[in-house]
Amino acid sequence: MSMKRTNVYADPEDLAIIKEAAKRRGISEAEIIRQGIHLAAMANRVWDEPLFSRTFEGRGRTPSRTEVRDTVADAVRRDTDSGTAG
């Protein structure tokens, strides 16, 4: 992979933590910083498509807490009765 050099300012305490982590993990400080940059880039990425592109038919309303609890309890009972529960 092609890399591009850049300069950044960092808090000395953060750099000390990175130095300790690099030594403990047996990797370079630069690798930890690259991983952090990648995580920051992905966290701020704007995706072309929505995460959930499919829609599902339903009742057109949010189920109540009781409905959700009862539905989950019924599913657990069915799994337990059929012997498929983990």
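1. A residue counts as buried when its relative accessible area is under 20%. By that cut-off, 5% of the 86 residues of the protein chain are buried. The model is a predicted one, and the points below should be read with that in mind.

2. The secondary structure is simple to list. The protein chain has three helices and zero strands, and their order along the sequence is α-α-α.

3. On overall dimensions, the protein chain has a radius of gyration of 24 Å, whereas a compact globule of 86 residues would have one near 12 Å. Along the principal axes, a box of roughly 55 × 35 × 25 Å holds the C-alpha atoms of the protein chain.

4. The accessible surface of the protein chain amounts to about 8,700 Å². Carbon and sulfur atoms account for 55% of that surface.

5. Ile-33 belongs to helix α2, which runs over residues 29-43.

6. Is Ile-33 buried, exposed or partly exposed? Its relative accessible area is 34%, so Ile-33 is classed as partly exposed. That class lies between the buried limit of 20% and the exposed limit of 50%.

7. As for charge, the protein chain carries 15 positive and 14 negative side chains. The centres of these two sets are 3 Å apart.

Methods
Residues are numbered from 1 along each chain as its sequence is written. This is a predicted model: local features need pLDDT of at least 70, side-chain atom pairs count only at pLDDT 80 or more; totals for chains, interfaces and linings use all residues. Side-chain values use heavy atoms; hydrogens and water are left out. Helices (H or I, at least four residues) and strands (E, at least two) are DSSP runs, numbered from the N terminus. Buried means under 20% relative accessible area, exposed over 50%, partly exposed in between (1.4 Å probe, protein chains only). The radius of gyration is taken over C-alpha atoms; the globule rule is 2.2 Å times the number of residues to the power 0.38. Accessible areas come from the Shrake-Rupley method with a 1.4 Å probe; for residues, only the protein chains shown count as cover. Lys and Arg count as positive and Asp and Glu as negative; His and the chain ends are not counted. The place of a charge is taken as NZ of Lys, CZ of Arg, CG of Asp or CD of Glu.
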